[in-house]
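Here are some quick notes from my look through this model. Have the viewer open as you read.

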Amino acid sequence: MKNRCPAASAGQRLIKQPPDRQDGPMEDKMLTKTQAVDGAAIKKAIEGRDGKLLASFYTDDALVRVIDRNNPPSKPREIRGRAAITTFWDDICSRAMTHKVDTTIADGNNLAFTQACAYPDGTKVFCAAMLELKNGQIARQTVVQAWDE
């Protein structure tokens with residue numbers, strides 16, 4: 001499905017990962033670096049298609065809700081937990097498409113941004129995202145997106 005577009009550099013901390021994690025070298029199994037979020041970091045990670053960096057912005061129990069034509073407001077797609085969110089971002093960042101973060105707005109523990117995406121065939125996607133932060137990381141995110149049919 002090519003209809004999904006997604007939906008900060010201060011402070012870092014290390015979090016121990018469960019021993020059953022099987023997704024990388026031994027050092028990745030032991031520690032994952034997490035980062036505090038701001039508009040500049042979101043822009044850098046999204047435009048750079050850096051799924052690993054994007055995943056580092058989320059709390060362990062974060063929730064991403066996606067609202068679009070296939071996932072209406074009454075039944076949004078819900079992606080729960082850092083592992084599932086990592087898979088979500090890895091998928092998006094692996095696609096042959098460009099991402100441009102146009103606007104970011106920060107207000108206390110909230111951060112919002114808009115994003116324009118384009119596939120090589122000319123299909124365009126527009127996303128607006130609202131993030132709720134907890135201790136500098138994303139705890140909740142709502143993405144509303146529309147794409148060319």
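1. Ground rules. This is a predicted model, with local features needing pLDDT of at least 70 and side-chain atom pairs pLDDT 80 or more, while totals for chains, interfaces and linings use all residues. Numbering starts from 1 along each chain as its sequence is written, and side-chain values use heavy atoms, leaving out hydrogens and water.

2. Layout. The protein has four helices and eight strands (DSSP runs numbered from the N terminus: helices are H or I, at least four residues; strands are E, at least two). From the N terminus, the order is β-α-β-α-α-β-β-α-β-β-β-β.

3. Strand 8. Residues 137-147 make up strand 8, which pairs with strand 3 (residues 58-67) in the parallel sense over six bridges; pairing takes at least two DSSP bridges between two strands. Here Ile67 sits opposite Val144. Strand 8 also pairs with strand 7 (residues 124-134), in the antiparallel sense over 10 bridges, and Met130 stands opposite Thr142 there.

4. The hairpin. Two residues lie between strand 7 and strand 8, and Asn135 in this hairpin has a positive phi near 55 degrees.

5. Burial. Phe88 and Trp89 are both buried, meaning under 20% relative accessible area with a 1.4 Å probe, protein chains only. Of the protein's 149 residues, 44% count as buried.

Note on methods
Buried < 20%, exposed > 50% of the residue type's maximum accessible area, 1.4 Å probe, protein only.
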